[in-house]
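Me: Hi! Could you walk me through this one? I'd like to start with the ligand.

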Amino acid sequence: MKEQKKKVARSERKVAETPALEFCGREVRELGVGVGTMLGACFVDGRGLNTLARHFISALEPMASNDGISASPTAASDSVFNHLVRAPEDPILGVTVAFNKDPSPVKLNLGVGAYRTEEGKPLVLNVVRKVEQQLINDLSRNKEYIPIVGLADFNKLSAKLIFGADSPAIQENRVTTVQCLSGTGSLRVGGEFLAKHYHHRTIYLPTPTWGNHHKVFNLAGLSVKTYRYYAPATRGLDFEGLLEDLGAAPSGSIILLHACAHNPTGVDPTLEQWEQIRQLIRLKALLPFFDSAYQASLFCGFASGSLDADAQPVRLFVADGGELLLAQSYAKNLGLYGERVGALSIVCKSPDVASRVESQLKLVIRPMFSSPPIHGASIVAAILKDGDLFNEWTIELKAMADRIISMRQQLFDALQSRGTPGDWSHIIKQIGMFTFTGLNAEQVSFMTNEYHIYMTSDGRISMAGLSSKTVPHLADAIHAAVTGGA
Ligand code: PLA
């Protein structure tokens with residue numbers, strides 16, 4: 001017992017003498033012995049505790065055996081991150097990185113889906129500028145944290161915008177909406193919520209889809225599978241393939257649907273096809289997760305051009321009383337890209353479930369980004385709340401949409417006039433910001449190298465990045481790529 005006390009004293013001295021940042025092998029081992037002995041001393045002769053002490057020492061062994069370990073940064077000859085390989089650039093945002101490095105005066109960025117004016121400049125909507133001014137002038141406003149779920153007004157108005165003011169789900173308090181970091185953040189929060197609380201952890205994505213979907217849902221903890229969507233031969237929807245694949249998905253699977261203006265193909269189901277998809281999804285008890293990154297954007301090109309028309313597919317699903325998730329983005333339709341404004345809505349069967357769902361969403365958000373930013377959501381709430389501002393927004397939206405539609409026509413005409421081989425009618429038929437040209441990766445890299453035209457390697461071009469001035473240059477490049485330049 002005496003000997004044990006001595007040992008404890010010795011080890012305690014040793015621990016006290018050990019400089020905190022110099023746990024070289026021996027000190028670590030002795031610290032282990034010391035702690036083990038201390039435990040042993042407290043419970044004399046406890047065999048279990050000796051085992052525990054041995055265990056403790058062996059746990060420290062790998063650390064201790066590396067005599068070179070030092071926490072002193074100056075002593076390390078190499079970076080602790082030396083093993084890292086360079087990650088590839090993002091397939092979409094990396095296009096802008098490459099574009100920025102190109103000194104050519106004729107360079108053209110048709111990669112990311114961001115609206116540009118006829119002069120090729122980014123656009124801040126007038127209505128946004130006006131509201132921002134009002135917000136700045138309002139000295140009663142502050143920069144306090146907002147609630148975990150975001151601004152209440154923003155959430156209510158966002159739900160109304162997508163589901164409709166008279167939506168029964170909203171009236172019956174069956175919808176929970178939480179403000180998130182734009183569309184991407186909303187998808188991620190929804191994905192993590194499902195991975196934690198939903199009984200089926202597989203999500204089906206259309207082929208092709210926005211490239212980031214795979215990464216977002218994988219990292220959220222879901223397993224990702226795909227369903228057929230696009231038929232390259234017809235440049236249209238592979239409706240048979242879609243129905244077959246959704247029909248074969250196990251009951252309960254999550255199905256990601258682009259609410260409108262499918263990215264990258266610009267091919268959407270007709271309303272009748274949506275109705276068939278809805279019936280199948282409900283019949284098989286699949287769970288729809290809508291990605292609405294282009295809603296309320298006349299970009300969607302519905303003939304009526306009405307904000308509500310763009311949301312019709314989603315509303316079909318809400319009308320049947322079933323449950324769904326929906327991620328909403330204000331990046332494109334309000335030009336608030338960098339403000340990161342979006343929302344996740346979950347339509348539930350009852351108000352009670354909706355409120356419990358919301359309580360759990362808070363537990364997903366709090367450790368992820370704590371609470372969302374205030375500025376962009378305040379802009380959106382102000383515009384959605386005020387009839388006049390709302391009308392101003394729709395007028396500006398229409399101008400953006402008209403410019404994109406005119407770019408489609410001009411590009412199509414330019415290819416026709418050059419006699420470029422092939423059928424290019426999909427340029428005017430496709431919907432949304434993008435044209436899925438059908439150009440292959442080799443042709444794309446030819447156009448980048450020879451014409452300084454930047455686009456994603458799948459042949460997608462952002463029509464919003466084009467202008468009347470740049471159409472001829474693009475048409476020349478496509479013509480050269482198709483006629484053997486590449
Ligand atoms: N969902 C789809 C289908 C998208 O196309 C995009 C953006 C998002 C979600 C996310 O948008 P947000 O987070 O900015 O709200 N797609 C862009 C940009 C426009 C990008 O890749 O980030 C694109 O060029 O495809």
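Reply: Happy to! This is a predicted model. In it, an N or O atom in the side chain of Arg 340 lies 2.8 Å from an oxygen atom of the ligand.

Me: And how much of the ligand's accessible area does the protein cover?
Reply: The ligand on its own has 540 Å² of accessible area, and the protein covers 93% of that.

Me: Nice. Which polar atom of Ser 182 lies by a ligand oxygen, and at what distance?
Reply: A polar side-chain atom, at 2.5 Å from an oxygen atom of the ligand.

Me: Which residues come nearest to the ligand?
Reply: Ser 182, Thr 184, Asn 263, Asp 291 and Ser 329, out of 18 residues around it. By class, that shell has seven nonpolar, seven polar and four charged residues.

Me: Which helix gives the largest share of the shell?
Reply: Helix H8, residues 182-197, with three residues.

Me: Which H6 residues are buried?
Reply: Phe 154, Asn 155, Leu 157, Ser 158, Ala 159, Leu 161, Ile 162 and Phe 163. Just after H6, Gly 164 takes a positive phi of about 100 degrees.

Me: Last one: how many disulfides?
Reply: Zero, from a search of the whole structure. Cys 180 is buried at a relative accessible area of 0%, and Cys 348 is buried at 2%.

Technical notes: Residues are numbered from 1 along each chain as its sequence is written. This is a predicted model: local features need pLDDT of at least 70, side-chain atom pairs count only at pLDDT 80 or more; totals for chains, interfaces and linings use all residues. Side-chain values use heavy atoms; hydrogens and water are left out. A disulfide is a pair of cysteine sulfur atoms within 2.5 Å. Buried means under 20% relative accessible area, exposed over 50%, partly exposed in between (1.4 Å probe, protein chains only). Helices (H or I, at least four residues) and strands (E, at least two) are DSSP runs, numbered from the N terminus. A residue is near a molecule or strand if one of its heavy atoms lies within 4 Å of it. A polar contact is a pair of N or O atoms within 3.5 Å; within protein, one must be able to donate a hydrogen and the other to accept it, and residues adjacent in sequence count only if both atoms are side-chain atoms. Accessible areas come from the Shrake-Rupley method with a 1.4 Å probe; for residues, only the protein chains shown count as cover. Ala, Val, Leu, Ile, Met, Phe, Trp, Tyr, Cys and Pro count as nonpolar, Asp, Glu, Lys and Arg as charged, and the others, Gly among them, as polar.
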